[in-house]
Amino acid sequence: MHTKPSSLSWRLYRASRVFVITTLLSLIGILVELSIFVLASSVILLTDLFHWAVDTVLEVVFLITLVLASKTGRRFPWSTIIIESSLTTLSCIIILGVYFYMFTGYLFSFMESASVSTQNYIPLVATITGGVLTLLAYITLTRSYKRYRIELLRVDSIHALVDVVAAVIASLGVVLTAYTRNTAIELLFTFILMLFVFHSMMEVFRNNIKTFTGGQLDAVLSMEIREKLEEEISRGINVVNVEARKLGSFYVVSVELAVDPDTTVLQIHRLRKRVVKVITGMSELIYHVDVKFNPKYKWEEKRNRKTPLHLKKHYKK
Ligand SMILES: [Zn+2]
């Protein structure tokens, strides 16, 4: 299955290998931050650790999505996707709960002792190592995107770049807090870092909400597909409706065509194949294409039924 280089499933498979590397980098990051956190507890480091935890969940989601996608071809295993979404949502809520439990602990100690939690420069070891790991992930993802052209690699490379900035801010926060011993500075940097975590969380939840709600209609892509179809298929066939819906990182497209009632099954079969080929050729993120055929006269009948006059009658009843 993965034997033909440059085929979609081969590229998806290679991309999933890249996410194995980034997931490992994330896990190393968590271990480093956790061991430094045990040595030198700091609310800035806690927030950074929280960020690493959410991002690791995100990497695992991307990894699972690509492994499933490369294995199943164009048929998407919905039940697995739903289980996966529930698990990621659940793990994010648990991570969020643990973080806020520990964060309120810090808030109380701030109020009681009025001293900062970042007492020395030791947390720098964790934030700088984290920055280097993130930079490594960024380089790996950008290079792989150039080779395999899988959209998720690009999405994650942008995220990695944002996280390099987060690592710089965390390091700066540690230095300034340890130097000035000012609780306001420590809290300010903690809140800035929280914004980065919410950015990651939104990415996890955005994917999941769409899976549950059946996808969001993408008007631009629908229009592009319609135009492309009108160019590619013969003039005797009408494009009635095109709907491209985003599900997680992928698209599902449904097309409704009106054909001459005398069209043979063989012709319809060929037309369907051609339509699927044209649409899936437009983007590797288009996962499934549904093609519905209506005989032309029936379609016109249907349209006539929807005339305002008829609707009026209908409402009077
Ligand atoms: Zn992040």
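This is a predicted model: local features need pLDDT of at least 70, side-chain atom pairs count only at pLDDT 80 or more; totals for chains, interfaces and linings use all residues.

User: Which residues does Ile30 touch, not counting residues up to four places away in sequence?
Analyst: A relation across the sequence is given by Phe50, 20 residues from Ile30 along the chain and 9.0 Å away in space, C-alpha to C-alpha. With residues up to four places away in sequence left out, the residues touched by Ile30 are Trp52, Ala53 and Thr56.

User: How are H1 and H4 oriented to each other?
Analyst: Helix H1 (residues 8-39) packs with helix H4 (residues 123-148), and their axes are 9 Å apart. The angle between them is about 175°. Angles over 145 degrees count as roughly antiparallel. The orientation of H1 and H4 is therefore roughly antiparallel.

User: What is the make-up by class of the contact of H1 with H4?
Analyst: On the H1 side the contact includes Val18, Ile21, Leu25 and Glu33, and on the H4 side it includes Thr129, Leu133, Leu136 and Tyr148. Sorted by class, the residues of this contact are 15 nonpolar, 6 polar and 3 charged.

User: Where is Arg181 found, and what is its phi?
Analyst: Arg181 lies in the loop between helix H5 (151-180) and helix H6 (183-213). Arg181 counts as partly exposed because it has 13 C-beta neighbours inside 10 Å. Most residues other than glycine have a negative phi. Arg181 is not a glycine, yet its phi is positive, at about 60°.

User: How many bridges join strand S3 to strand S4, and what is the handedness of the β-α-β crossover from S3 to S4?
Analyst: Strand S3 (residues 250-259) and strand S4 (residues 286-295) run parallel and are joined by 9 bridges. Between S3 and S4 the chain passes through helix H8 (residues 265-280), and the handedness of this β-α-β crossover is right-handed.

User: Which residue in S4 stands opposite Val259?
Analyst: S4 covers residues 286-295 and pairs with S3, residues 250-259. Opposite Val259, the residue in S4 is Pro295.

User: Is Tyr297 buried or exposed?
Analyst: Tyr297 is placed in helix H9 (residues 296-305). Ala258, 39 residues away in sequence, is 8.5 Å from Tyr297 in space, C-alpha to C-alpha. Because Tyr297 has 11 C-beta neighbours inside 10 Å, its class is exposed.

User: What is the secondary structure of the chain, and what percentage of its residues count as buried?
Analyst: The chain comprises 10 helices and 4 strands. Along the sequence their pattern is α-α-α-α-α-α-β-α-β-β-α-β-α-α. Of the 317 residues, the share that counts as buried is 32%.

Technical notes. Residues are numbered from 1 along each chain as its sequence is written. Helices (H or I, at least four residues) and strands (E, at least two) are DSSP runs, numbered from the N terminus. A residue is buried if 20 or more other C-beta atoms lie within 10 Å of its own, exposed if 12 or fewer, and partly exposed in between; C-beta atoms are placed from the backbone. Two strands pair if DSSP finds at least two bridges between them. A crossover is right-handed if, with the strands pointing away from the viewer, the path from the first strand over the helix to the second runs clockwise. Axes are lines fitted to C-alpha atoms, for helices over the stretch in contact, and angles run from 0 to 180 degrees between N-to-C directions. Angles under 35 degrees count as roughly parallel, over 145 as roughly antiparallel, 65 to 115 as roughly perpendicular and the rest as oblique. Two residues are in contact if their C-beta atoms, placed from the backbone, lie within 7 Å. Ala, Val, Leu, Ile, Met, Phe, Trp, Tyr, Cys and Pro count as nonpolar, Asp, Glu, Lys and Arg as charged, and the others, Gly among them, as polar.
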